[in-house]
Amino acid sequence: MAFIDYYKVLGLEKAASQDDIKKAYRKLARKYHPDLNPNDKEANHKFQEINEAHEALSDPEKRKKYDEYGENWRQADQFEEARKNQGTGNNGGNPFAGGGGGFSEADFGGGDFSDFFESLFGNAGGRSSGRRSPKYKGQDFQAELQITLQEAYTTHKRTITVNGKNLRITIPAGIANGQVIKLKGQGSPGANGGPAGDLFLTFNITEDPVFKRLNDDLYVNKDIDLYTAVLGGETTVDTLSGKVKLKIAAGTQNGTKVRLKGKGFPVYKKEGEFGNFFVTFNIKIPTNLSPAQQALFEQLANS
Amino acid sequence: MANLITIKEYSITYNIEPEFLMSLEESGIVYFTLEGEEKYISEDQLSDLERYIHFHYDLNINIEGIDAIRHLLQRVHLMDAEIRQLRSRLHLHE
């Protein structure tokens, strides 16, 4: 856990006024606010830093404590203890009291503060002012779920843990990479009779080494030998629903693409509907020929 | 009415001026439901509304700015979807 220079985070000098702090915070928050930077984790992280710096410096009591002990935060408690014992504590009350009383956990934005902040001010250090605490509808949650292409192929149930709560969800077959599903009422509880927030679950589908997906279609490359390509024959191709036998026409060219209708990916929420499966043939040219094979190719070439 | 809250009640809860909400409606940014004489906010508007309250009261952005942001965010979402689609297409050729 490292010391965080909150003045530096807000681009301010130590002598900055409350008005300077407010202005600097607003300017930076307008740049990095998560609502203005959707799906940007870096901006989100930066906003948390700005928010935390503002939280620490905009509250005179916290700022005083930070200025006094910030860099020596490890010794802060010992200093205070010694001061109390010597009866030289300041008259303004214990600066370590935190002063966060009266705010519920929901006010803190779900662990948005660094260990440094919590070590100095306690985890109930005060309300989060960067994001207004919900006063009616509960806070919406965002979560990401990583699944494989194979998993996305079939409708299945899964238990996920969001903010310490287990949720059993059904993932419909055909879900797309980046698709967001809203789970109504699974965010934080509402206040003053308001509804609970929602959970927005984003699906990240990992890339498969064999099957490539574009919308509801699947694409694979299949190696075939030169002789089959020239003379025609059969090959077997793996699909996500099992093996399929494929006829190869005589004279098949390298890069030829064939379509298997309805053997692709299931169409989201349309039971029984599937996309197409495309196979691209990659003709392998024989290498390391034996003298006999070499002679035969030469014979072909001269015929 | 379980899923509706009056503008008055909502303004008191959030300690904001009802005029701010009315201006959002006048600008076509949110819509309210009229029941008799009273205007209500429906549940599906609540998340957006809360976001606009952040923008206005915490970040000092005016109604016109909120409207512009809203349009830009819609474009960002469309472009995100397009980038994802292009990445998938590109992946086919890798």
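The structure is a predicted model, in which local features need pLDDT of at least 70 and side-chain atom pairs count only at pLDDT 80 or more, while totals for chains, interfaces and linings use all residues. Residues are numbered from 1 along each chain as its sequence is written, and chains are lettered from A and ligands numbered from 1 in the order in which they are written.

Taken along the principal axes, the C-alpha atoms of chain B fill a box of roughly 60 × 30 × 20 Å.

Of its 94 residues, 17% count as buried. A residue is buried if 20 or more other C-beta atoms lie within 10 Å of its own, exposed if 12 or fewer, and partly exposed in between, with C-beta atoms placed from the backbone. Two residues are in contact if their C-beta atoms, placed from the backbone, lie within 7 Å. Among contacts in chain B between residues at least 6 apart in sequence, 53% join residues at least 24 apart.

The two chains meet in a contact that takes 24 residues from chain A and 24 residues from chain B. On the side of chain A that touches chain B, helix H2 (18–32) and strand S6 (212–214) of chain A each supply at least two residues. The residues on that side of chain A divide into 8 nonpolar, 5 polar and 11 charged. In this count, Ala, Val, Leu, Ile, Met, Phe, Trp, Tyr, Cys and Pro are nonpolar, Asp, Glu, Lys and Arg are charged, and the others, Gly among them, are polar. Helix H4 (residues 63–92) of chain B lies across S6 and strand S7 (217–225) of chain A, and runs at about 140° to S6(A). Such angles run from 0 to 180 degrees between N-to-C directions, and the axes are lines fitted to C-alpha atoms, for helices over the stretch in contact.

Strand S6(A) also belongs to a sheet. In chain A, 4 strands form an open sheet with mixed pairing, in the order S6-S7-S11-S10; two strands pair if DSSP finds at least two bridges between them. S6 and strand S10 (257–260) of chain A are the edge strands, each pairing on one side only. From one strand to the next, the twist averages 30°. S10(A) and strand S11 (residues 277–284) of chain A run antiparallel and are joined by 4 bridges, and Lys257(A) has Thr280(A) as its bridge partner in S11(A). Beyond this strand, Ile285(A) lies in the loop between S11 and helix H9 (291–302) of chain A. Ile285(A) is exposed, with 8 other C-beta atoms within 10 Å.

A second open sheet in chain A has 3 strands in the order S1-S5-S4, again with mixed pairing. Strand S1 (141–147) and strand S4 (180–183) of chain A stand at its edges with a single partner strand each, so one side of each is left without a neighbour in the sheet. The twist here averages 25° from one strand to the next. S1(A) runs parallel to strand S5 (residues 199–205) of chain A, and 7 bridges join them; Ala143(A) stands opposite Leu201(A) in S5(A).

Chain A also contains a hairpin, formed by S2(A) and S3(A) with 2 residues between them. Asn163(A) in the turn has a positive phi of about 50°. Strand S2 (residues 156–162) and strand S3 (residues 165–171) of chain A run antiparallel and are joined by 7 bridges. Ile160(A) has Leu167(A) as its bridge partner in S3(A), and Thr159(A) has Arg168(A). S2(A) is hardly covered, with 0 buried residues among its 7, and S3(A) is hardly covered too, with 0 among its 7.
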